Amino acid sequence: MKSLLKYIKDYKKESILAPLFKMLEASFELMVPLVMASIIDRGIANRDTQQIIKMGLVLVLLAAVGLVSAVTAQYFSAKAAVGFATKLRAALFAHIQSLSYTELDTIGTSTLITRMTSDVNQLQNGVNLTLRLLLRSPFIVFGAMIMAFTVDVKAALIFVVAIPLLSIVVFGIMIASIPLYKKVQAALDKILGRTRENLAGARVIRAFCNEESETADFEKENELLLNTQVFVGKISAAMNPVTYIIINIALVVLLWTGAVRVDNGMITQGAVVALVNYMSQILVELVKLANLIIQLTKALACAKRVEGIFAMTSSMEEGRLTKNDICVINGKDAGSSPAIEYDHVCLTYSGGGDESLTDIHFKVNKGETVGIIGGTGSGKTSVVNLIPRFYDATKGTVRINGRDITEYGLETLRDMIGVVPQKAVLFKGTIRDNLLWGNENASNEDIEEALRISQAKEFVDSKDGRLDFMVAQGGKNLSGGQKQRLTIARAIVRRPQILILDDSASALDFATDAKLRAAIKGMENDMTVIIVSQRAASIQYADKIVVMDDGAVAGIGTHDELLAGNEIYQEIYYSQFPDKKAAN
């Protein structure tokens with residue numbers, strides 16, 4: 001928790017004023033029983049109406065000042081808590097963005113969502129209650145005990161016994177419940193993960209009529225969460241009745257002792273009422289303190305989970321080469337080094353066991369169009385994911401323009417590359433907003449050119465508002481082919497040195513696919529293009545084709561060369577064009 005407190009440093013004033021105003025309110029509250037004792041002993045006993053009115057006005061004044069103090073304290077504590085949560089959430093989001101794919105794959109999306117939402121909200125509530133009650137409740141508890149001693153020492157000894165007993169109960173339950181709340185949050189992670197998978201894969205689940213099975217699995221995990229919450233809830237719920245029992249026993253003893261001492265003339269009736277009021281104040285504050293401790297228990301458990309994310313560091317080290325360095329490198333080595341070079345590269349995913357890529361070795365020259373083809377799971381995407389450093393090679397070296405990619409700064413490296421992933425991802429906003437993700441400084445001419453090259457112009461022209469047409473989250477209001485063409489346009493608008501199309505034309509018909517490749521080929525800049533595809537038609541006119549099989553390169557050459565002598569390429573090609581095989 002200590003490492004997270006730095007996010008509240010901008011709210012030091014609020015963090016100090018909130019407890020101070022609460023203490024001020026508590027001070028006035030402690031005076032109330034004494035004023036009531038004065039009303040009883042002096043006003044009612046002596047039938048002094050003037051005294052009753054005067055003390056009544058004092059009570060009203062104490063209530064008014066207490067109300068103002070309480071509202072002020074609430075304002076400052078809420079401002080500090082919300083500000084703390086805002087800064088923490090922003091820092092957590094920024095830290096998550098800095099992690100590599102390896103760490104993100106290890107943590108899991110549902111866990112990160114829980115940390116960003118539920119856990120941070122629990123911390124916000126914890127800070128809010130801490131500023132309001134952490135000092136106020138103990139102050140009133142011990143203040144009431146001290147004030148009781150000023151009224152009557154012997155009767156006040158009951159407070160000395162009751163308060164330690166209450167403290168043992170409260171802190172004992174807190175210690176028992178802390179690890180259980182961790183289990184509750186872990187179970188919530190699983191529920192969120194299951195929910196996210198079901199919502200993302202709703203169509204697949206329905207297509208395979210698997211709703212009942214998924215519902216049963218969800219109910220099982222939900223039942224586990226319920227049982228854990230009920231169990232920890234029972235422990236936490238025991239706090240209030242146990243504290244009430246102790247307080248009420250103390251009240252009975254106090255009333256009995258007070259009655260005896262009143263009969264003996266040692267104390268007044270007003271003093272007994274004051275002592276009962278102080279005991280009641282202790283009861284109320286201990287209930288508040290119990291609720292605070294329960295919330296703090298949750299907050300501390302959540303704090304450790306959030307700290308666990310901050311403790312994770314990216315396995316990827318930042319290179320030092322900047323954009324200025326790139327200009328110098330390109331100026332000196334233009335034409336002398338390949339655009340991309342794989343030098344005996346191997347890749348093993350974290351926790352994956354066996355190698356996903358083994359001894360990948362080939363070069364791509366500047367301006368070339370290279371196709372990568374292979375069966376499902378052959379490692380095509382893994383190969384291209386190494387270029388923008390989504391993952392780092394476990395062995396060997398990947399070079400761009402003759403320099404190891406680990407020497408480049410990540411931002412510098414990725415500015416050189418345009419990536420169109422397998423899954424077309426669009427964000428809620430206009431078409432223009434989505435394309436400006438590729439290049440925020442792109443002009444309307446740049447955008448129109450990117451739409452023309454990506455073959456998206458035709459359908460964009462048919463939309464209401466054209467570039468101002470609103471795209472739903474994830475592009476739900478567009479077809480698969482339309483989404484793919486917009487993601488291609490988003491990559492093209494940045495005019496990258498290297499364009500990676502990772503099976504990004506799978507939803508396009510053959511004619512549109514051919515037009516797209518021809519348009520990319522006709523671009524003026526000397527762009528290197530890598531096309532990953534399972535369709536032989538998409539890559540057969542590439543300058544070079546790399547055939548992948550089980551994580552290794554099974555052949556490199558042109559379409560004609562591979563068709564003449566590579567069995568894997570022949571199998572893929574003839575399975576898609578059986579008439580060609582019959583003709584041969």
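The model is a predicted one. Helix α7, which spans residues 202–207, contains R203. This arginine also belongs to a positive surface patch.

Two residues other than glycine show a positive phi. One is R495, with a phi of about 50°. R495 lies in the loop that links α17 (480–492) to β9 (498–502). R495 is partly exposed, because its relative accessible area of 41% falls between the limits of 20% and 50%. D550 sits in the loop between β11 (544–549) and β12 (552–557). Its relative accessible area is 67%. D550 is therefore exposed, as the class requires over 50%.

Helix α21 covers residues 567–576. Four residues of this helix, Y569, I572, Y573 and Y574, are buried. Each of these four thus has a relative accessible area under 20%. A contact is found at the start of α21. There, a side-chain oxygen of N566 comes to within 3.2 Å of a backbone nitrogen, that of I568.

Conventions: Residues are numbered from 1 along each chain as its sequence is written. This is a predicted model: local features need pLDDT of at least 70, side-chain atom pairs count only at pLDDT 80 or more; totals for chains, interfaces and linings use all residues. Side-chain values use heavy atoms; hydrogens and water are left out. Patches are made of residues with over 30% relative accessible area and no salt bridge: like charges are joined within 9 Å, nonpolar side chains (Val, Leu, Ile, Met, Phe, Trp, Tyr) within 5 Å. Accessible areas come from the Shrake-Rupley method with a 1.4 Å probe; for residues, only the protein chains shown count as cover. A salt bridge is a side-chain nitrogen of Lys or Arg within 4 Å of a carboxyl oxygen of Asp or Glu. Lys and Arg count as positive and Asp and Glu as negative; His and the chain ends are not counted. The place of a charge is taken as NZ of Lys, CZ of Arg, CG of Asp or CD of Glu. Buried means under 20% relative accessible area, exposed over 50%, partly exposed in between (1.4 Å probe, protein chains only). A polar contact is a pair of N or O atoms within 3.5 Å; within protein, one must be able to donate a hydrogen and the other to accept it, and residues adjacent in sequence count only if both atoms are side-chain atoms.
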